[in-house]
Amino acid sequence: MPMFKVPDHQVAGHQALNGQLGPLIDETGLFYKPLQEDERGLREAEFYKTFSADVRVPDHIRKFFPKSFGTKLLDASDGSGPLSHLVLEDLMSKYENPSIVDFKIGSRTWYPQATDEYIEKCLKKDKITSSLSLGFRISGLQIYEGQESGYWKPDRKVTIKYKPEDVRMVLRKFVSVNQSSDSKKESGCSTFASSVYGGSSGILAQLQELKSWFEEQTIYHFYSCSVLMVYDKESLAKGKEVVPAIKLVDFAHVVEGEGILDHNFLGGLCSLIKFISDTNKDCLQNQGS
């Protein structure tokens with residue numbers, strides 16, 4: 001009988017804390033996400049089922065998506081009884097102290113079939129965040145700063161209102177060697193920028209690979225989907241070979257593309273690439289000066 005617990009490294013979304021409904025993990029590396037009771041839950045379950053069997057999706061693109069193992073009936077974390085859960089790979093199971101940033105992509109986060117009430121709710125949130133201005137926003141983050149300091153993990157009510165200068169600060173801090181919990185302190189990037197953002201297997205190369213697919217694919221439109229950026233800073237500091245990862249998550253609002261490019265997601269992705277590319281250049285210049 002597997003032992004379920006609350007994920008240690010969840011930075012966004014509903015959390016299974018204090019009797020609330022949220023995802024669970026087990027010791028085998030699986031992540032159990034409660035299916036939302038309305039059409040969103042059914043849509044996400046159907047997406048995973050369809051996506052895994054879709055021969056139009058190139059194999060090299062599948063690495064950006066969590067592996068899916070169907071659904072399973074589990075006791076919900078809020079004590080409400082049995083509830084269907086999506087069974088996915090736990091993307092953080094192989095990391096001991098992962099640094100993570102969750103970017104919700106798109107200047108528009110509601111899907112075409114949404115109710116007027118839901119659209120109004122999303123638009124209100126999009127306006128007070130960087131979604132409209134940048135095409136993405138930070139939904140949550142944690143950055144490991146060492147054994148003494150632990151994680152810098154600002155409240156999501158703060159991160160969701162980050163402006164462009166705050167986003168740049170997070171991107172610098174994400175690759176900084178400095179271990180300071182002062183969020184306003186300028187962080188030196190040292191060698192981590194080139195190791196994490198640059199190179200043939202770095203964050204930018206992976207995002208470019210994903211972007212190339214979105215410049216062609218007209219199968220799906222990904223509304224309110226997130227891009228996770230993650231790596232193990234401590235391992236890198238110890239000189240170990242570290243490959244950062246990009247993963248797409250949250251597919252409750254994916255709809256059919258009907259032969260049309262997903263301009264909303266692609267625009268946000270291009271904006272994110274530019275921000276990270278500019279940060280990488282700044283870090284390398286500061287390191288060389």
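The model is predicted, so local features are reported only at pLDDT of at least 70 and side-chain atom pairs only at pLDDT 80 or more, while totals for chains, interfaces and linings use all residues. Residues are numbered from 1 along each chain as its sequence is written, and side-chain values use heavy atoms, with hydrogens and water left out.

The chain holds 10 helices and 11 strands (DSSP runs numbered from the N terminus, with helices being H or I of at least four residues and strands being E of at least two). Its radius of gyration is 19 Å, which agrees with the value near 19 Å for a compact globule of 289 residues (taken over C-alpha atoms, with the globule rule being 2.2 Å times the number of residues to the power 0.38). Along the principal axes, the C-alpha atoms fill a box of roughly 55 × 45 × 35 Å. Of the 289 residues, 53% are buried (under 20% relative accessible area, with exposed meaning over 50% and partly exposed in between; 1.4 Å probe, protein chains only). Among contacts (heavy atoms within 4.5 Å) between residues at least 6 apart in sequence, 67% join residues at least 24 apart.

Turning to the sheet, five strands are arranged in the order 7-6-5-9-10, forming an open sheet with antiparallel pairing (two strands pair if DSSP finds at least two bridges between them). Its edges are strand 7 (151-152) and strand 10 (245-249), each of which pairs on one side only. Strand 10 runs antiparallel to strand 9 (residues 226-232), and five bridges join the two. Within this pairing, Val227 has Leu248 in strand 10 as its bridge partner. Strand 10 is mostly covered, with five of its five residues buried. Both of its faces are covered: Ala245, Lys247 and Val249 are buried on one side, and Ile246 and Leu248 are buried on the other.

Ser224 lies in the loop between strand 8 (220-222) and strand 9. The phi of Ser224 is near 60°, a positive value in a residue other than glycine, and Ser224 is buried, with a relative accessible area of 11%. Asp250 lies in the loop between strand 10 and strand 11 (254-256). For Asp250, phi is near 75°, again a positive value in a residue other than glycine, and Asp250 is partly exposed, with a relative accessible area of 27%.
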